[in-house]
Amino acid sequence: MHPRMALSTICGVVLVSAILQTSTTTGPTTTTSSVCGTISLSASETPKLLSSSHYPLNLQEGWICSWTIEAKETEKVRVTVLACDKSSYGDQLAVFDGAGPRDYRMGDVCAGKKKLETFTSIGRYMRIEFNTSNKGMFELRYTSGNYHVHRHEEISDDNYSRSVISPLRQTRRENIRNVDLSWRLRTTATIIDLSMNLSSFQNSEGCVTDYIEVFDGYHVSDPSLGKWCRGEDVSVSSSGKYLYVKFHSDVNSPGSTFEIAYGFLFVCAFPVMVNRHPMMFGVIAGVLTLAVLILVCVCVLRSRKRRRSQASAEKGNAKGSDKASELKGPCVSAGSPGLPPSYDHAVASGPPTYQSLGLNPDDKVVV
């Protein structure tokens, strides 16, 4: 290798090492059990406590501790925060519904919070993460049991970070039961498209224990697009800017899991709306057809009336011409009976005789 190239490589390695070392020393550090204590916990019906190290003393600033709480099969984890730093610039205590890094974040407590909260998972795992941006502490109580969970989530195309709806987002899949979950999807596009993978869905006779129902609108009071309660693949689309998805699982159900992929599309929504509301669009089409027929009839009647007016005007003009001809008299040629002879005829035949005029030559004519 050329000496200059070798020197550049060595300088680059030294520079990268210095950057990594600086970022490691200045940013928060993820700790291990030596600082945070036991990080894998088992929940039971008996309440247990979890707190920061050396509680109630403050933990060192700039540390991150994470704990995973596991419940028994088919049970859920419930956590109640008892104490933490509630100052505006205090520490953050985040609660996740699951054990993975991308699971649903149920909430942030402590920093700036005046009221302590209780959280319940929909599966058997929950993760607690504590970030000491300011030297602080916390304490919480956790248990497990067959709790009922009712949860709602809003999803829109201006703030969503994923394109899949699922009870649990972690890699580890498990059946969910005794829950009522709902999602409202809102878009600024034309329609919302859903593709539901229900292959792992628990078959429910009559859709009593487990089912998914999708409503074409803002809430459950809007028209239902369908109700599904067995393993199958389903695709549905909205007729407008809202879709409401509801998942119910009974306490006596073995549990179900599913995935729903969604997308916000700019398409012509008229065919979809016709399929969703055929009766309404049938009435609209009938009214429009009747309006068109009435308009056509009016145009035909006006056209006929206009033609009749023109014919009457032409007939009146013809009668006027005939009257003018009668006033002028009949057109006859010279020499016809009843008219005096023409000058040429008179010259050729000479003056008329007294007898032709009915006169007596002996009579005296008075002038």
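How many salt bridges does a search of the whole structure find? The search finds six, where a salt bridge means a side-chain nitrogen of Lys or Arg within 4 Å of a carboxyl oxygen of Asp or Glu.

## About the model

This is a predicted model, in which local features need pLDDT of at least 70 and side-chain atom pairs count only at pLDDT 80 or more, while totals for chains, interfaces and linings use all residues. Residues are numbered from 1 along each chain as its sequence is written, and side-chain values use heavy atoms, leaving out hydrogens and water.

## Salt bridges

Let's start with R124 and E73, whose side chains meet in a salt bridge at 2.9 Å, N to O. R124 sits in the loop between strand 8 (118–120) and strand 9 (125–131), and E73 in the loop between strand 4 (63–70) and strand 5 (76–84), so the pair ties together parts 51 residues apart in sequence. Strands here are DSSP runs of E, at least two residues, numbered from the N terminus. R124 counts as buried at 16% relative accessibility, whereas E73 is exposed at 55%. Buried means under 20% relative accessible area and exposed over 50%, with partly exposed in between (1.4 Å probe, protein chains only).

R151 forms another salt bridge, with D97, the closest N and O atoms being 2.7 Å apart. R151 lies in strand 11 and D97 in strand 6 (residues 92–97), so this pair ties together parts 54 residues apart in sequence. R151 is buried at 16%, and D97 is buried at 1%.

## Around T187

T187 is found in the loop between strand 13 and strand 14 (191–197). T187 counts as buried, at 2% relative accessibility.

Conventions:
Helix = DSSP H or I, 4+ residues; strand = E, 2+ residues; numbered from the N terminus.
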